[in-house]
Amino acid sequence: MIELAKKNYPQLHFYEMEAENITLDRTFDVIVLGNVAGFFENILDVLIPLKKLCHERTRIITTYYNYLWEPALKFAETIGLKRKTPQQNWLSQNDIKNLLYLAGFETYRENMRMLLPVNIPVVSWMVNKFLPKLPLIDNLCLTQINFARPLPRTEDVSKKYSVSVVIPARNESGNIEAAVLRTPEMGKGTEIIFIEGNSTDDTWQKIQEIQEKYKHERNIKNRTTRRQRQRRCGAQRL
């Protein structure tokens, strides 16, 4: 079948190799594990090496069958409606999710699809399009799908992203400096934004004082609520 595929689609690349020993030297945007998880002796031996084929935006799509369908599938094999398959290990959707996490991937979405695997014109489309989205009924679907992405490494995150810490402050004059001192530097840079809202004490003045005091050490910014700005503008006009 692979040779036939190469002949019919010469513009595509087809490779045959053991899943536990993939020797490709490039990364991919999407990797699909289609109904194969149950055939591996140790799925982690497959998932962990996949990391070298991933970049930070790679998506891993894993599909597998719902074990509730096992009797129906075996019956379909017996009467010839389905091709016989070797015995598989059964893995629930949570099992696959946990294995992906152990291999360094984060599952960000889970779906259940295919409630009616027999092709009945119009009926199958209607059933499979709408019913799998309903609560409880989705648990009866044949196909379970996990969408995952590589977990970012801590060192990569700390070098790539900056952090903004927004602190609301109303009548908090005595806590402004402590808030600055207790906020650690995170990522490649941390900015502290004080939002002052209609204080009746000297919170606004204290924010400005602390901002000036630590201007060479911390990135401190300040804002006021719209109502407070209007009050100050009115006071300045008077």
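For the counts by class used in this report, Ala, Val, Leu, Ile, Met, Phe, Trp, Tyr, Cys and Pro are taken as nonpolar, Asp, Glu, Lys and Arg as charged, and the remaining residues, including Gly, as polar. On that basis, the residues lining the second largest pocket of this predicted model fall into 14 nonpolar, five polar and four charged.

The largest pocket, for its part, has a volume of about 670 Å³, and of its 23 lining residues Y15, M17, I22, L24 and V32 lie closest to the centre. Here the largest share of the lining, again six residues, is supplied by strand β1 (residues 28-34), while the division by class is 18 nonpolar, two polar and three charged residues.

| Pocket | Volume | Lining by class |
|---|---|---|
| Largest pocket | about 670 Å³ | 18 nonpolar, two polar, three charged residues |

**The nonpolar cores**

The largest nonpolar core has 25 residues, of which I43, L47, L50, I60, L91, L100 and F105 touch the most other members. Two or more residues of this core come from each of β1, α2 (44-47), β2 and α4 (93-102), and the largest share, four residues, belongs to β2. If residues up to four places away in sequence are left aside, F105 is in contact with L47, L50, K51, C54, I60, L100, A148, R149, P150 and L151. Another core, of eleven residues, lies apart from the largest one and includes A179, F194, I210 and I220.

**Two residues with positive phi**

V122, which is not a glycine, has a positive phi near 70°, and this residue sits in the loop between β3 (105-113) and α5 (123-130). Because its relative accessible area is 63%, V122 is classed as exposed, the cut-off for that class being over 50%.

N198 likewise has a positive phi, of about 60°, without being a glycine, and it is placed in the loop between β6 (190-196) and α8 (203-213). Is N198 buried or exposed? With a relative accessibility of 15%, N198 counts as buried, since that term applies under 20%.

Technical notes:
Residues numbered from 1 in each chain as written. Predicted model: local features only at pLDDT ≥ 70, side-chain atom pairs only at ≥ 80, totals over all residues. Heavy atoms only, no water. 1 Å grid on protein atoms, 1.4 Å probe; cavity = no way out; pocket = protein on both sides within 12 Å on 5 of 7 lines; lining within 4 Å. Points joined across faces, edges and corners; volume = space filled by probe spheres on them. Core = buried A, V, L, I, M, F, W, Y, C linked by side-chain atoms within 4.5 Å. Buried < 20%, exposed > 50% of the residue type's maximum accessible area, 1.4 Å probe, protein only. Contact = heavy atoms within 4.5 Å.
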